[in-house]
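Have your viewer open and follow along.

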There are 2 protein chains.
Amino acid sequence: MSTLNKMIIVVILLVLAGCAPQVDTEKERAAILQTDKEWVTAASEGRDLERIISFWADDAAIYPPGLPSVVGKEAIRQFIGKSLQTPGFSVWWETNQVTVSKGGDLAYATGKNRFTFSDAAGKTVTANGKAITVWRKEPSGSWKCVIDIWNEDR
Amino acid sequence: MSTLNKMIIVVILLVLAGCAPQVDTEKERAAILQTDKEWVTAASEGRDLERIISFWADDAAIYPPGLPSVVGKEAIRQFIGKSLQTPGFSVWWETNQVTVSKGGDLAYATGKNRFTFSDAAGKTVTANGKAITVWRKEPSGSWKCVIDIWNEDR
């Protein structure tokens, strides 16, 4: 390799060190939708607590309506564990729109959800909601939910 | 300039064309907090509708609890205009945490808010909430809110 070529390579490496590579955000969007699909399948089956909570980041927070924030994986484990034990509990959601940051590290999604549970008289109650989730790409390369908030629709 | 120097500059430009520059996310975070501070000042004063709605992007959506989504600037103008005319209406919020994407194009923030209004008997009702806002940096360089959702705290 000539000295000129070596110098060009060194310069390229120096320049690359100061900038982030372009990301295929369409591919990342598809990855989030696929992850979300696996998540709603696990959640609506409602059997495997550890699998369900694995889709949240360790430092994630859930903001449920009418309740205090649920912050961190252990609090989420307890919150979801209790939900799954609620008589007649089920959850379903659908994600409509996912927007990924140009660096492919952060994204947000809009969607709607439905919770059902049994009231004191054993009657099924249904709550329809609209939701926002914020997603972060972890060093492992997988997308995790970092924030989860919804409220009642009408 | 020598031929070697010219070649190095051409190579640098080619490499830069394929990557995004690093961003000072701390500076962007501060910019969002400052924008948000100006927003809550305008909103809590409740006088200048056009100023208040200028903090939302043209394609923004508000997800208010117990109501349908409010999508787009014109729907937001009507929604906020009606809110400001509600007897005893006031709004206040505080943003706690802002996370900016590494490319400096997208961010989300957590916070709490408080709405007051008068009920049918003229008595002041207060609703405390927790909130998520999603922010996008516009081509103009200013940050605008693209999604706004909150629910009741307890």
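Among contacts in chain A between residues at least 6 apart in sequence, what percentage join residues at least 24 apart? The figure is 50%, where a contact means that C-beta atoms, placed from the backbone, lie within 7 Å.

This is a predicted model, in which local features need pLDDT of at least 70, side-chain atom pairs count only at pLDDT 80 or more, and totals for chains, interfaces and linings use all residues. Residues are numbered from 1 along each chain as its sequence is written, while chains are lettered from A and ligands numbered from 1 in the order in which they are written.

Chain A holds four helices and seven strands, taken as DSSP runs numbered from the N terminus (helices H or I, at least four residues; strands E, at least two). Six strands of chain A form an open sheet with mixed pairing, in the order 3-2-7-6-5-4; strands pair if DSSP finds at least two bridges between them. Strands 3 and 4 of chain A each have a single partner strand, so one side of each lacks a neighbour in the sheet.

Strands 6 and 7 of chain A pair in the antiparallel sense over nine bridges, and Val134(A) has Ile147(A) in strand 7 as its bridge partner.

| Helix (chain A) | Residues | Strands touched | Angle |
|---|---|---|---|
| Helix 2 | residues 25-45 | strands 4, 5, 6 and 7 | about 175° with strand 4 |
| Helix 4 | residues 73-85 | strands 2 and 3 | about 55° with strand 2 |

How values were computed. Two residues are in contact if their C-beta atoms, placed from the backbone, lie within 7 Å. Axes are lines fitted to C-alpha atoms, for helices over the stretch in contact, and angles run from 0 to 180 degrees between N-to-C directions.
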